Structure formats: C-alpha cells, structure tokens
There are 2 protein chains.
Amino acid sequence: MHSAIDEIAGKQCLVLGAGGFIGTNLCRRLLKLGAKVQAFGRSKTFPEALEGVTWISGEFSDHAAVARAVEGNELLYHLVSGSLPESSNMDPAADLSANALQTLHLLEVCRVSNVRKIVFASSGGTVYGVPSHVPIPETAPTDPIAAYGISKLAIEKYLALYRHLHGIDYTILRIANPFGPFQLGHRKQGVIAALIQKALAGETLEIWGDGEVIRDFVYIDDVVEALIAAAIHDGPHRLFNVGQGAGRSINQIISGIEAVLNRGELPKLYKAGRPTDVPVNILDIALIRRELGWEPQSDWLASLSATAEWMTNRLGYTGMGVV
Amino acid sequence: MHSAIDEIAGKQCLVLGAGGFIGTNLCRRLLKLGAKVQAFGRSKTFPEALEGVTWISGEFSDHAAVARAVEGNELLYHLVSGSLPESSNMDPAADLSANALQTLHLLEVCRVSNVRKIVFASSGGTVYGVPSHVPIPETAPTDPIAAYGISKLAIEKYLALYRHLHGIDYTILRIANPFGPFQLGHRKQGVIAALIQKALAGETLEIWGDGEVIRDFVYIDDVVEALIAAAIHDGPHRLFNVGQGAGRSINQIISGIEAVLNRGELPKLYKAGRPTDVPVNILDIALIRRELGWEPQSDWLASLSATAEWMTNRLGYTGMGVV
C-alpha cells in the first residue's frame with residue numbers, strides 16, 4: 001500500500017458522485033494523501049467534511065458540466081448511482097438511463113480527454129444475484145434480481161469495451177455493503193446506519209424478513225483503501241470484489257449495535273421480506289488480496305462503535321454512551 | 001420436434017422485428033405450422049413472402065404501437081435489432097437506447113398483457129467477445145467488444161429479472177451467424193449473402209483481414225426450427241447457443257460459393273481487419289441438443305446452393321448455373 005500512497009500524491013483527480021457516503025470519505029482520504037481533488041456531485045451531504053476539495057455542483061446527466069469537470073484530470077473515480085437497488089425495479093428504464101446511458105456519455109467525454117484511468121464503484125451486493133455458493137468469486141455467474149445490478153454490469157462491460165476500442169484503462173471494484181461515518185440512515189441503502197439511527201432515537205428497529213438475511217459488511221476505511229489501491233493498480237486483472245469476505249446477519253448487526261451502544265436490548269419489529277433480497281451475499285476477496293495486497297483491516301466492534309459515535313455527534317444526541 | 005409442431009398450431013403469436021431476414025423466415029414457418037401470426041416491424045423487406053401474416057407497421061420505439069400489437073398474444077418473438085454490431089461502437093448510447101431501453105418498455109407492456117412467453121434472439125457472435133477457447137459454452141465469460149453485444153446481454157438479464165419479479169417466462173437463443181434465403185447482402189451483417197451477391201454481380205469479393213476469421217455459420221431453416229422449439233420449451237435452462245457447432249473461415253465460404261456457382265475462381269481483394277472482429281467464434285451446442293433435442297440438419301453445400309438460388313431469383317440474374 002505504500003507505493004499507492006506515494007503515487008497518489010500530487011495527482012489531479014476527479015471524483016464523480018463525490019457528495020455521498022463513499023465519495024465524502026474518498027475525497028477526504030485523497031486530500032490527506034496529497035492529491036488535487038476535484039469533486040463533482042448533485043450536492044454535498046456534508047459540506048464541512050469536504051473542505052480543501054474543489055467542489056463542482058452538477059447533474060451527472062448534464063453532459064457539458066461533466067465534460068468541463070473531466071478536463072485536466074488523469075484519474076477519475078466514478079461513484080455515481082442515480083438509483084437505489086430496490087426502487088430500481090419499479091422503473092428499470094429510468095435506472096438504465098440514469099446510470100448506464102449517462103456513463104456512456106461520460107466515456108465519450110473521456111475519449112477526448114486526458115483521463116488515463118477510471119475507477120468504477122460497482123455493486124458486489126447486486127451484480128451476482130442469488131449466488132449458488134458463497135463466498136462469491138468474481139468469476140461467478142452474474143444474474144441480478146435488481147435492475148440496479150444490471151445497469152452496473154452494463155457499465156462494467158462498457159468500461160472494458162472503451163479500453164479495447166480507445167485505450168482508457170479502468171479498475172472495477174464490486175463493493176459489498178459498506179458502512180461507517182458519513183452514511184445516513186434515512187435512505188434504504190445502509191442498513192447499519194439506519195439501525196444505529198433508529199436505536200439512538202429510541203425507535204423500534206424494523207427488520208425486513210426474519211433478520212437472518214446475510215450480507216458482507218465492510219468498513220468504509222477499508223473500502224477507501226481499496227479505491228486508492230485500485231487507482232494505481234496496473235495488472236492483468238481489472239475487476240475485484242471488495243468486502244469483508246465474511247457475512248453477518250441483520251440479527252448479528254443488531255447484537256453488535258446493542259453491544260456498542262450499551263443500552264440493553266433494543267426494541268425490534270420483524271416485517272415481510274422484499275423480493276430484491278437475496279438470502280445471502282458474501283464476497284470472495286482472494287483476488288484483491290493477491291493482486292492488490294489489499295485486505296480489510298478494521299475490527300468489527302470498533303468500526304461499529306466509530307460509526308455510532310459519528311452518528312451520535314451528527315444527530316446531536318448526547319449522554320448515550322458509545323463504548 | 002413433433003410436440004413443438006403440435007403445440008404451435010392455432011397459437012396466437014407476435015413476431016417483433018418481423019420484416020427482416022430471420023423474421024420473414026420465422027413468420028413463414030409459423031404460418032405453415034398453423035399459428036396465427038401477427039408481425040410487427042418497420043417495413044417488410046419481402047412483402048410477397050409474408051402473405052397470410054397480419055402485418056403491423058410500426059417503430060419499436062413507439063410504445064403505444066407496441067402495446068397495441070402485443071395485445072391478445074400469448075407468445076412473443078423479440079427479433080428487433082435497432083443497430084448493427086460494427087456501427088454500434090460508433091454510438092453505444094444510441095445502441096443501448098434503441099435496444100435495451102426499448103425492450104424495457106416492451107417488458108413493461110408484457111407485465112399487464114396475456115404474454116406468457118418471450119423468445120429472444122440474442123447474439124452468439126457478439127456476447128462472448130474474444131473467447132478463451134472454442135467451442136464456446138453458454139457458461140463462458142461474456143465480454144463483448146461490440147456495444148451491440150452489451151445491449152443484447154443487458155436484455156438477457158432484464159428478461160431474467162422480469163421472470164423473477166413478474167413471472168413472464170422466456171427463452172433466449174444466442175444465435176451464431178445465420179445465412180440463407182431472405183438475407184440481403186447490402187448490409188454489413190450477412191457475409192455469405194454479401195459474398196454471393198458480389199459473385200453473382202461479377203464484382204470483386206472484398207475480404208476484411210486475411211480471410212481466416214472463423215465464424216459459426218448456421219442455416220436459417222435450422223435457426224427457425226430452434227426458434228420454434230424454444231417457444232414451447234419448459235425446463236430449467238432458458239439460455240441456449242444456436243449454431244452449427246463448427247467453424248468456417250471466410251476463405252472456406254468463398255470456396256463453397258465457388259463450388260455451388262460453378263463459375264471458377266472468383267476475384268478477391270483482401271482489406272485491413274476491423275476492431276470489432278473476434279478471430280474465431282464457434283458455439284458449443286451441446287446444451288440445446290440435450291435439452292431441446294435440436295440440432296442443425298442442413299447440409300453445407302446444399303444450404304449455400306439454396307441461398308445462391310434464392311439470390312439469383314431475387315436479383316433477376318439468369319443463366320448462371322447454381323449447382
């Protein structure tokens with residue numbers, strides 16, 4: 001990882017979709033590593049967290065604005081998601097337009113720019129669909145049961161096509177379920193943030209299904225290190241899973257939250273499952289371990305605790321001991 | 001195949017993209033089997049060949065026209081291709097819109113219709129990209145080097161999604177390089193038709209590359225039988241290669257054409273290769289053999305001869321002996 005840190009210093013890079021959870025964390029880390037960071041997004045969810053970043057407000061569908069933002073950058077992070085996994089199934093055409101179609105416009109811009117490398121945040125939680133076995137390697141079948149995963153897959157294929165036709169290099173990270181500071185619980189994505197927020201507010205935790213749905217939760221600091229390593233990676237592989245490589249059920253998460261909040265058992269309500277839910281998703285991270293030397297470094301309870309502490313400060317709750 | 005023939009009789013079916021090469025052949029066969037055939041397309045390339053078919057002129061992008069056409073049909077063939085493999089790389093966004101996005105609108109129509117089954121003509125020649133080995137099984141990696149193949153792949157994934165979410169059944173046929181009557185040589189698709197037409201016109205045959213590019217050429221009568229078998233298929237597999245299961249080089253095709261035209265050696269001109277060309281494509285057809293009991297029945301030279309004879313009649317060339 002040392003080489004990655006050296007190579008990123010002074011680099012002019014653009015983060016698309018920078019205002020959200022992953023984007024905010026990534027921009028802060030890039031700045032700390034000495035990169036010159038331009039950040040493009042609809043809005044900054046956490047303006048104070050992005051000090052030192054050159055912020056450009058814009059819609060991903062505004063081709064001229066994207067073209068202006070791309071100019072002069074050699075490294076590009078594509079973190080834009082114009083939809084959410086569940087709502088994508090209500091209007092797959094809108095999802096395809098907002099994601100794949102707009103990414104094609106971005107790629108056309110990149111063809112005539114200085115961009116040498118694109119790092120794309122794909123979705124380890126949706127591109128595989130219902131896995132035949134876990135952990136899931138990158139070579140597993142990709143049969144999404146959410147439109148969100150299909151447009152992510154299409155973008156992956158277009159990146160490979162543009163490299164083939166136009167020589168633009170790329171690395172794709174199929175990221176599992178990230179959690180940590182700067183993730184808000186008000187969207188359906190981010191179950192840990194949502195649960196912590198409910199717990200802090202003293203509300204009943206709503207659980208879809210029986211709480212035994214298993215996901216691969218990975219701490220945002222680890223995800224950010226993978227995004228940094230991907231930027232400078234130059235090898236035969238261009239597609240990597242990024243996850244903990246281990247699964248946790250919703251019920252286990254709640255136990256973890258109960259442990260770090262230290263407020264006893266939290267009130268829970270179990271509700272009917274959702275059709276976009278796959279029963280289990282755990283990513284095989286052997287490839288990124290081997291090729292990029294990356295692996296998750298974070299301790300589970302310490303990560304949960306840091307997340308709860310951030311959420312506590314964010315929401316202004318006080319006097320609720322976070323262990 | 002007998003059961004297929006019985007089940008298709010009297011069935012109300014709609015062929016989308018019916019005016020072209022595969023569509024014209026399929027409609028004729030469906031009629032012969034006693035199906036009630038509605039045919040939807042931009043235009044009939046061969047109006048006289050579609051007698052007995054209820055023809056609906058329309059654009060695939062005209063959602064209201066597609067919705068009206070779908071009404072009352074339980075079986076739907078989706079043969080629409082709004083682009084060609086090569087030109088798709090000049091404007092991948094247009095290709096994605098014309099194909100995947102419009103297919104999503106079709107699928108939304110199907111959700112609220114009587115359609116029980118969709119048979120989709122995918123592309124065995126483009127979805128796999130450059131294969132690591134041949135023949136290519138359905139489980140091989142799908143890394144297209146033409147945007148055309150990416151939108152076909154996306155459509156495959158959306159069909160699976162709509163079955164998962166809404167119960168619409170489907171069968172996908174990844175068709176290799178079909179040839180035969182009702183294929184015209186004026187488009188870049190259909191190298192055999194193009195070569196025969198040039199040969200009949202006494203023009204020099206233009207060959208991209210050294211003529212050693214290998215493709216899996218399959219006769220249209222065999223493709224049509226696979227489309228019929230797919231319509232009534234009900235099993236765990238929903239995705240099948242359709243090809244000869246064997247490869248032929250462009251030079252071998254030319255030898256074949258020379259043999260059936262019986263006019264001696266034809267004049268040839270070798271030109272630079274194209275970036276969308278994969279060096280070799282041969283499909284593994286073990287799965288469709290086993291699951292659908294389908295296999296190619298046609299003799300190579302007899303098929304070429306029938307194709308040349310059709311082209312001769314079509315173009316009004318006379319006195320050129322086709323063996």
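Trainee: In which sense do strands β4 and β5 of chain A pair, and over how many bridges?
Mentor: β4(A) and β5(A), residues 117-123, pair in the parallel sense over four bridges. Two strands pair if DSSP finds at least two bridges between them. Strands here are DSSP runs of E with at least two residues, helices are runs of H or I with at least four, and both are numbered from the N terminus.

Trainee: What sort of model is this, and how is it numbered?
Mentor: This is a predicted model, in which local features need pLDDT of at least 70 and side-chain atom pairs count only at pLDDT 80 or more, while totals for chains, interfaces and linings use all residues. Residues are numbered from 1 along each chain as its sequence is written, and chains are lettered from A and ligands numbered from 1 in the order in which they are written.

Trainee: Back to β4(A). Which residue stands opposite Leu76(A)?
Mentor: Ile118(A) in β5(A) does. β4(A) also pairs with β1(A), residues 12-16, in the parallel sense over four bridges. There, Val15(A) stands opposite Tyr77(A).

Trainee: Are the faces of β4(A) buried or exposed?
Mentor: Both faces are covered. Leu75(A) and Tyr77(A) on one side, and Leu76(A) and His78(A) on the other, are all buried. Buried is 20 or more other C-beta atoms within 10 Å of the residue's own, exposed is 12 or fewer, and partly exposed is in between, with C-beta atoms placed from the backbone.

Trainee: Switching to chain B: what is the strand order in the open sheet of seven strands?
Mentor: The order is β3-β2-β1-β4-β5-β6-β11, with parallel pairing. β3 (54-57) and β11 (239-242) of chain B each have a single partner strand, so one side of each is left without a neighbour in the sheet. β5(B) and β6(B) pair over seven bridges, and Ser123(B) stands opposite Ile175(B) in β6(B).

Trainee: Which helix lies across β4, β5, β6 and β11 of chain B?
Mentor: α7(B), residues 220-232, running at about 160° to β6(B). Axes are lines fitted to C-alpha atoms, for helices over the stretch in contact, and angles run from 0 to 180 degrees between N-to-C directions.

Trainee: New topic, the two chains. How many residues of chain A are in contact with chain B?
Mentor: 23 residues of chain A are in contact with 23 of chain B; contact is C-beta atoms, placed from the backbone, within 7 Å. The largest share of the chain A side, 10 residues, comes from α5(A). By class, that side divides into 17 nonpolar, four polar and two charged residues. Ala, Val, Leu, Ile, Met, Phe, Trp, Tyr, Cys and Pro count as nonpolar, Asp, Glu, Lys and Arg as charged, and the others, Gly among them, as polar.

Trainee: At what angle do the axes of α5(A) and α5(B) cross?
Mentor: They cross at roughly 165° and come within 10 Å. That makes α5(A) roughly antiparallel to α5(B). Under 35 degrees counts as roughly parallel, over 145 as roughly antiparallel, 65 to 115 as roughly perpendicular and the rest as oblique.

Trainee: Which residues of α5(A) and α5(B) make the contact?
Mentor: Among them are Leu153(A), Ala154(A) and Tyr158(A) of α5(A), and Leu153(B), Ala154(B) and Tyr158(B) of α5(B). This contact has 12 nonpolar, no polar and two charged residues.

How values were computed. Two residues are in contact if their C-beta atoms, placed from the backbone, lie within 7 Å.
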